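Please examine the sequence and the three-dimensional structure shown below.

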Amino acid sequence: MPKSSTTPLVLMILLLLASPLAAAKLAGVSMGDTAKVGEETLVLNGLGLRKKAIFKVYVGALYLPKKQSDGGAILAADEPRRLAMEFVRKVGADSLVGAWNDCLTANSPNASADVRKGFESLNGWMADVGSGDRLVFTYSPAGGTEVQVKGTKKGVVAGKPFADALFACWIGDVPPSEDFKKGLLGG
């Protein structure tokens, strides 16, 4: 029985379909098209590139239950959300801590003592990062905000107010840049 010439093509197509594909790529960083939070699957809402002067610093990926282009509506909703940051250059822990403190002051100047304490915990979990390292922040209404640094769970901060203040760092009134915020919001 002769072999079909379509067999290699069919096999190649099946392998491609079985392989996980990244939904988007920005500045050489690939991010998946979904993220699992508990039993819920979140979708990639958008990607943003954080620059400092002329330097690329990290790519951020925002995951939500459904696509949303309104930062205020995202913060108002009590739904799961995730922000993954993959760095494309070395950044020291002290610089990350400074950025969190600046963000809290800029976006949540009247933050409660609990939110400020949450940011103190966040600052304590920071470490030096390099190209390819990730920070991942996952909020779930039942569990609070889980913080992962370079693939290691560092802790959880309870409460939606902390999650809102943290996510406001990227999609609030004073984001790292308007282009970054626009990218996360799918624009």
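In which strand does T145 lie? T145 belongs to β8, where helices (H or I, at least four residues) and strands (E, at least two) are DSSP runs numbered from the N terminus. The model is a predicted one, in which local features need pLDDT of at least 70 and side-chain atom pairs count only at pLDDT 80 or more, while totals for chains, interfaces and linings use all residues. Residues are numbered from 1 along each chain as its sequence is written, and side-chain values use heavy atoms, with hydrogens and water left out.

T145 has a relative accessible area of 0% and is therefore buried (under 20% relative accessible area, with exposed meaning over 50% and partly exposed in between; 1.4 Å probe, protein chains only). Its contacts (heavy atoms within 4.5 Å), leaving aside neighbours within four places in sequence, are F137, T138, Y139, G155, V156, V157, F162, A163 and L166.

Strand β8 (144–149) is also among the elements that cover the buried residues of helix α4, together with α3 (93–107), β7 (134–140), β9 (152–157) and α5 (160–171). Helix α4 spans residues 113–125 and reaches 19 Å from its first C-alpha to its last, close to the expected 18 Å (1.5 Å times one less than its number of residues). Its buried residues are V115, G118, F119, L122, N123 and W125. Seen down the axis of α4, these residues fall within an arc of 160°, so they line one face of the helix; the arc is that of the directions from the helix axis to the C-beta atoms. The face turned away from the buried side carries the exposed residues A113, D114, K117, E120 and G124.

In the loop between α5 and α6 (178–184) is G172, which counts as buried at 6% relative accessibility. G172 touches N107, F167 and K181, not counting residues up to four places away in sequence. G172 and A106 are 66 residues apart in sequence, and their C-alpha atoms are 9.3 Å apart in space.

Finally, the largest pocket holds about 560 Å³ of space. Of its 23 lining residues, the closest to its centre are R50, K52, Y58, S95 and A99. On a 1 Å grid over the protein atoms alone, a pocket is an open set of points where a 1.4 Å probe fits, with protein on both sides within 12 Å along at least five of seven lines, and lining residues have an atom within 4 Å of a point. Helix α3 gives the largest share of the lining, nine residues.

Definitions and conventions: Grid points are joined across faces, edges and corners, and a volume is the space filled by probe spheres set on the points.
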